[in-house]
Amino acid sequence: MSMTTWLVSSQLLAAGVAFVVNLLAASVLDPTGRGQLALTLQVGYLLAILGMLGMERPFTANVSGRQFNETVSFLERLVRPGYWAGIIGLLLVLYGLGTENYSFVMIGVLSTIFVVSTMHMKIVRTAYIASRTWRPFVFTGIASQVLLVACCLLLTVLHVGAFEVWFAAYTVAGLVATVVICTPRRVSPPVDSGQAKIGRTVRSQGLRLLPASLGNTAMVRSDRLLIPALSSAAELGIYVVVATAIDMATWPVQQWADSRLHAWKEAPPSKRMVSLMCGIALIITVGLVAVIAFLLDYIVTQFLPKPYAAGMTLFLPLSVAAIFYSLSRLTQGVLISRGAGTAVSVIEGAGMAVSILAYLVLIPSLGALGAAYGSVLGYSVCFFVSCVMAIRQKSEAP
């Protein structure tokens, strides 16, 4: 099987699990509890992106031909400052707010573990793309997803309505990647001059891309962060049930683009090829959005508690937003392969500014629907600007 096939297959597995777990949580948690779980997860994902220091895509574009263990060790050393930043941040928060609230302390500790394990999942995936060694990657993906489903099924059967316990299930499932990263069989090779040079290049490009990574995450996740603040946690609970399902339609194109970064760097696609790839990505995403929307409409109306039926009004705008997001990921991949990380950061910054401004204006009056419209605006700006730049941009020196 090709690398793209493995990546897409793993993402389809993750998509299926996310779909099932999303609905299991909604069947037990009320919209407020579902919103609190979503908010906690989004904060963790955002911190994990920050901890990776923007180095995922530059690493896959610059590193190849190494063994998996060597590649994991190399990338882990590069992102290690992110671990310390997360731990120090947790200690400062606990010191500032106090440790008398045991529930808060538990969430803080679980969040730290969740962030590190999420970073490790990203390291395993990136090391697979660079080394093309599929066994650790496949094991990590399957084991973590099976463990997550098993934990969530147990919580559903027991009818556990505390979102903290559901968050603990996500944390436990993520530890599989940590076990793979820290396995005693991995031997850290010495750093040679060539590796040090590549490391400096990856760090430099990663820092240039970090604003883009944070901007992209802010657009993907800031709606989840702002809905509780500007509306209510219950609105977020309704929103996230639909948004999580629709987001899955973007994953195949993301995997395809990430798996082609090194090839595009070696042989940059022509303007005509970029246009053709966008057309293929559009067909794939629209088809998946249609299937997911049909299934979700049936499940929400037939199986979930009545309050979640309000999410049906979000299908269309969130589907349009997913299409724009998928296309922008592809065109930005082309730019990154050309070394145009600064341009990507500018694009993501513009999209983030538009989306957050729209959220601030629309969410107070429209709630979850305002967040959906804001996503459409932000992602459309990203796509149209990145598409033009992908066609016109010349390669930059790394």
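Let's start at T118, which sits in helix α5, residues 102-131. A word on helices: they are DSSP runs of H or I with at least four residues, strands are runs of E with at least two, and both are numbered from the N terminus. Is T118 buried or exposed? T118 is buried, at 13% relative accessible area. Buried means under 20% relative accessible area, exposed means over 50%, and partly exposed is in between, with a 1.4 Å probe and protein chains only. Now look across to G174. T118 and G174 are 56 residues apart in sequence, yet their C-alpha atoms are 6.3 Å apart in space.

Before I go on, some ground rules. This is a predicted model, where local features need pLDDT of at least 70 and side-chain atom pairs count only at pLDDT 80 or more, while totals for chains, interfaces and linings use all residues. Residues are numbered from 1 along each chain as its sequence is written, and side-chain values use heavy atoms, with hydrogens and water left out.

Next, helix α7. How many residues does α7 have? α7 has 19 residues. From first C-alpha to last, α7 reaches 28 Å, close to the 27 Å expected at 1.5 Å a residue. The expected span is 1.5 Å times one less than the number of residues. Of the 19 residues of α7, 14 are buried, so this helix is largely enclosed by the rest of the structure.

H159 counts as exposed, at 55% relative accessibility. Now compare L53. L53 lies in the loop between α2 (31-51) and α3 (56-62). Phi of L53 is also near 55°, again positive in a residue other than glycine. But L53 counts as partly exposed, at 22% relative accessibility.

On to charges. Side chains of opposite charge can pair when their charged atoms come close. How many salt bridges does the structure hold? There are 2. The cut-off: a side-chain nitrogen of Lys or Arg within 4 Å of a carboxyl oxygen of Asp or Glu. In one of them, D223 pairs with R224, and the closest N and O atoms are 3.3 Å apart. D223 is buried, with a relative accessible area of 1%. R224 is buried too, at 4%. R224 also meets D247 in a salt bridge, at 2.9 Å from N to O. D247 lies in helix α9 (residues 233-247) and R224 in helix α8 (residues 193-230), so the pair ties together parts that are 23 residues apart in sequence. D247 is partly exposed, at 23% relative accessible area. Put together, D223, R224 and D247 are linked in a network of salt bridges.

Stay with α9. Where does α9 bend? The bend is at V240, by about 30°. That angle is taken between axes fitted to the seven residues ending there and the seven starting there. The 15 residues of α9 should span 21 Å at 1.5 Å a residue, and the end C-alpha atoms are 20 Å apart, which agrees. In α9, 12 of the 15 residues are buried, so α9 is largely enclosed by the rest of the structure. Among the buried ones are A233, L236, V240 and I246.

Now the rings. A search of the whole structure finds 9 aromatic pairs. Rings of Phe, Tyr and Trp (its six-membered ring) pair if their centres lie within 6.5 Å; planes under 30 degrees apart are stacked, over 60 edge-to-face, and the rest tilted. Y325 and Y379 form a tilted pair, 5.2 Å centre to centre, with 55° between the planes. This pair links distant parts of the chain: Y325 is in helix α13 (residues 315-337), Y379 is in helix α15 (residues 368-392), and they are 54 residues apart. Y325 is buried, at 9% relative accessible area. Y379 is buried as well, at 9%. Elsewhere, ring pairs link Y45, F114 and F167 into a cluster.

Last stop, the surface. Which residues form a nonpolar patch there? They are M273, L276, I280 and I284, with about 330 Å² of accessible area together. Patches take residues with over 30% relative accessible area and no salt bridge, joining like charges within 9 Å and nonpolar side chains (Val, Leu, Ile, Met, Phe, Trp, Tyr) within 5 Å. Accessible areas come from the Shrake-Rupley method with a 1.4 Å probe; for residues, only the protein chains shown count as cover. M273 is in helix α12, residues 271-302. M273 is partly exposed, at 38%.
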